[in-house]
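Please read the numbered points with the model in view.

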Amino acid sequence: SPVRVLSTLKGCLTVSSTESAISSAHGLGWRAKEITQREVARYAERTRGSQKASVRARLVMPLGVPSSFQAYDPHPIVVKAARGANMWDVDDNEYVDYDMGFGALFSGHVNPLVRRAIDAQLDDGTLFVTPCELNADVAELLGQRYGLPMWRFTNSGTEATMDAIRVARGATGRDKIVKVEGGYHGHHDEVMISMKPKLEDAGPADRPNSVPATAGITQAVLGDTIVVPYNDAEALERALRHEDVACFIVEPVMENIGICLPDPGYLEAVREITTRYGTLLIFDEVKTGITAGWGGATGALGVTPDLVALAKSIGGGLPLGAFGGKREYMDQITMGRVLHLGTYNGNPLCMTAAKAVLSEVCTPQATAIAIGRNKLLVDACSDIIEEANLPAQVLQFGAKGCVTWTAEPVRNYRDYKKSDLDLAFAQWIYGINRGILLPPGLDEQWLISIMHSDEESMRYANVFSDFVNELTA
Ligand code: PMP
């Protein structure tokens, strides 16, 4: 059933049929379910090779996937190749990829300039575990974009947020951290709390409980992570007032509940409150970094954090993370108070890819063109929603966009929980059966990459229009 499908999408997403209030209220619920039933059968038919591959993989990997985010019922598509904006599965179905590696491929699949850099590096070695000049090249390029002077490299976003938090604890001598309800910052213990809590566990909206997202989180860790609602400066102030919080880690624009924008003045208030209480402000720009604009969300929104965590698109499709910040905080590492380690940190293969991404591929001009293309798609989807008078929001932040099925704009996790996931799922499966690969998690967003042509950027608008016509017929 769609509910079961949804409950396994992105692992932590839990759905109950009672949450489909909107589609019922608008009389769309049955239509969405009918479409889903038909499309699930069609999906099974089109993806027999993926099904076979999944059955084999489940024998040797839990859920048959290398990351639980990749699992969904009845089985995920199993991919054999990707180039530019396109992807092909083992059944030879072709897709325009709007997922782009959960937003990690702003450069496009196998961007020719990234490939050229990697090819050249293969002649010279892939791992030195002693510095190479590319390290400082990339640190300088990130410094120019984010206005922060000191950087270190990691292999993932998880490591980047984990190390940034450790630097904040070292710098302040404090244990506690504050994160936002519904925020995702990777899979280390202290942030796997209140990622997508069930409402019955979540407590009052303005003082949410800290809810572990997985087994294996100790009570001690749980006790050190305080959870606040997004877009609520007062709640943050209450949490920091005791002057025992090392850092507030937040996505400047939340991109794991669709796209949730800051209210005017919220981030400025966050900056002021964190400074007042001696708490470091960490922007998690793993998703917004370089896709929000040339200088990330930091540049687009004009609020500078103390530390920033990056990953995904800076690596051009290779595994790379980074964290950077003000000298006084990064000097915790210089002084040896905070240790930052890793065999693969700054390996030349990922570094050369990042250098190509930051200097040749995602230039200010190319970034602006992709964002412009995305705006055309977002506007087209908005027109379709408006014309059909549907309860949905179409949102854009830089090169990313999404349709969220709520009657009102989403300001925080509790608002997001009102979204109609029956409609969202029907939209997703309708798309995938027509060569449109949207992120499977329903809480992610599409990314228009540097390599999406005008036509490839807009293809989804036509399919979305057909979906809405069927939904409202
Ligand atoms: N922070 C945010 C905002 C993310 O979206 C993610 C991954 N989706 C991470 C951190 C973790 O990154 P990674 O998967 O590379 O560990």
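Two strands are taken as paired if DSSP finds at least two bridges between them. The model discussed here is a predicted one.

1. With that rule, an open sheet of 3 strands is found in the order β11-β12-β14, and its pairing is antiparallel. The edges are held by β11 (393–397) and β14 (446–447); each has a single partner strand, so one side of each is left without a neighbour in the sheet.

2. Within this sheet, β11 and β12 (residues 400–404) are joined by 5 bridges in the antiparallel sense. Phe397 stands opposite Lys400, a residue of β12. Helix α16 (residues 364–388) lies across β11, β12 and β14, and runs at about 170 degrees to β11.

3. In one of them the side chains of Glu39 and Arg434 meet, at 3.0 Å from N to O. Glu39 belongs to helix α3 (residues 29–46), whereas Arg434 sits in the loop between α18 (421–432) and β13 (436–437), so the pair ties together parts that are 395 residues apart in sequence. Glu39 has a relative accessible area of 0% and is therefore buried, the limit for that term being under 20%. Arg434, at 24%, counts as partly exposed.

4. Another salt bridge links Asp306 and Lys326, whose side chains meet at 2.9 Å, N to O. Asp306 lies in the loop between α13 (296–301) and β9 (307–310), and Lys326 in the loop between β10 (321–325) and α14 (327–334), so this pair ties together parts that are 20 residues apart in sequence. Asp306 is buried, with a relative accessible area of 3%, while Lys326 is partly exposed at 27%. Elsewhere, salt bridges with shared partners join Arg31, Glu34, Arg38, Glu39, Arg434 and Glu470 into one network.

5. Asp163 and Arg166 form a salt bridge inside a helix: their closest N and O atoms are 3.8 Å apart, and both residues lie in α8 (residues 157–172), 3 residues apart, or about one turn of the helix.

6. Finally, the surface carries a nonpolar patch formed by Leu59, Val60 and Met61, which together have about 330 Å² of accessible area. Met61 is placed in the loop between α4 (48–58) and β1 (79–83). Its relative accessible area is 30%, and Met61 is described as partly exposed.

Key
Residues are numbered from 1 along each chain as its sequence is written. This is a predicted model: local features need pLDDT of at least 70, side-chain atom pairs count only at pLDDT 80 or more; totals for chains, interfaces and linings use all residues. Side-chain values use heavy atoms; hydrogens and water are left out. Patches are made of residues with over 30% relative accessible area and no salt bridge: like charges are joined within 9 Å, nonpolar side chains (Val, Leu, Ile, Met, Phe, Trp, Tyr) within 5 Å. Accessible areas come from the Shrake-Rupley method with a 1.4 Å probe; for residues, only the protein chains shown count as cover. A salt bridge is a side-chain nitrogen of Lys or Arg within 4 Å of a carboxyl oxygen of Asp or Glu. Helices (H or I, at least four residues) and strands (E, at least two) are DSSP runs, numbered from the N terminus. Buried means under 20% relative accessible area, exposed over 50%, partly exposed in between (1.4 Å probe, protein chains only). Contact means heavy atoms within 4.5 Å. Axes are lines fitted to C-alpha atoms, for helices over the stretch in contact, and angles run from 0 to 180 degrees between N-to-C directions.
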